Amino acid sequence: MKELSNLLNPSFPRSQAFSTLIMKSSEGLKRYYLIMTAWEDKLFEYTVTAKTAQEIAQQLGYHEAMSQMFCDALTEVGLLLKEEDKYSNSPLTRNYLTKSSSRYMRHTLENLKKTAKRWSQLPTLLRQGPIIKEKSEVFGHDWITRIAEGAEAGSVFNTIKVVTNYLNIQRWKRLLDIGGGHGLYSIAFAALNPELEAFVFDRPQITPITCKYIDEYDAQRVHVISGDFYTDNIGEGYDAIFSSFNQSCSDPELIPKLVNALQPNGDLVLRRFKDNSRESALKVLDWNFVQFEGKKIGSKPHSSSKIIERNEYVKNLESSGLIVLDIVPVDEMSEIVFARKPSTFRSTH
């Protein structure tokens, strides 16, 4: 028999926190299936021009009444626009969810689907441990293309804005984009500076993808160098070195190599994850669903024993003889460390 005090006294902790947690979880699940179903059924390719729910039902083989409610739900989350009895793509959908858009985020959605599948396997992963993969499988074509989609969707614009507000990039003649992957940052810098020759350095399995983007943007002053920045020569005489989200901007072992490659008075522009951006326990669990050689189980996302906290890294820059100019936030998860090689540089080692 239940006690009447359940009804006559407030619970502690109050149920509001529990209800909010469940509601947010439920909303996320519903929105995921809403978006993925519409995308996988190619609904957004059909609603490029306005259609009624009946026309959509006929085209996609939907139940007519369900089609109406489905379209209303897509309208509610901002993916369709409804005018009278017709539905068409919203600006959000036109930009990111239709094949004809140059900012189409196919790889991002495919990765979301893979992530959802791994989370559906959580009971199995808890009992059997992470999925084992080759490192090249994890950091291959799909990985770099997904990053490029995010870069084209705003990451390049946000980063370039911060850099150009802080530095005069017109004085750069030679730029090294180390670990530059897709090369989109170099392409943007070269577009802003007609005198600039940019060099994207990355592993041999990545640079063919870089070349694809260089060709797509017809960026004739952007070049590639294939190699491993730990073991190979990265060149020298650069007026600036740019790095975004890779170990070349977080591992102190590489600082002497960067310093030697810079001209006196050259700029070092390092975009890093903020130290607290890897702390979420959900992100850590997700990151550890897949294991590959060299990755420590339980590690934080995109971390390694070579990556150190920002303040310690900055001390290493200063002790190598560089002048740290400033640290400027780009967005919620990243910041840029600006440093410069003195015009009368003397090695401290």
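1. A word on terms before we start: two residues are in contact when heavy atoms of theirs lie within 4.5 Å. Please also keep in mind that this is a predicted model.

2. With that in hand, have a look at Asp267, which sits in strand S9, spanning residues 262-273. If neighbours within four places in sequence are set aside, the residues in contact with Asp267 are Leu167, Arg171, Trp172, Asp239, Ala240, Ile241, Leu262, Ala339 and Arg340.

3. Is Asp267 buried or exposed? Its relative accessible area is 0%, so Asp267 counts as buried, the cut-off being under 20%.

4. Two residues from that contact list deserve a second look. The side chain of Arg171 makes a polar contact with the side chain of Asp267 at 3.0 Å. Trp172 also takes part, with a polar contact of 2.9 Å between its side chain and that of Asp267.

5. Next, the backbone at Glu84. This residue is not a glycine, yet its phi is positive, at about 55°. Glu84 belongs to the loop that links strand S2 (80-83) and strand S3 (86-89). Its relative accessible area is 75%, so Glu84 is classed as exposed.

6. You will find Asp218 in the loop between helix H12 (207-216) and strand S7 (222-226). Asp218 counts as exposed because its relative accessibility is 52%, and the cut-off for exposed is over 50%.

Technical notes
Residues numbered from 1 in each chain as written. Predicted model: local features only at pLDDT ≥ 70, side-chain atom pairs only at ≥ 80, totals over all residues. Heavy atoms only, no water. Helix = DSSP H or I, 4+ residues; strand = E, 2+ residues; numbered from the N terminus. Buried < 20%, exposed > 50% of the residue type's maximum accessible area, 1.4 Å probe, protein only. Polar contact = N/O pair within 3.5 Å; in protein donor to acceptor, adjacent residues only side chain to side chain.
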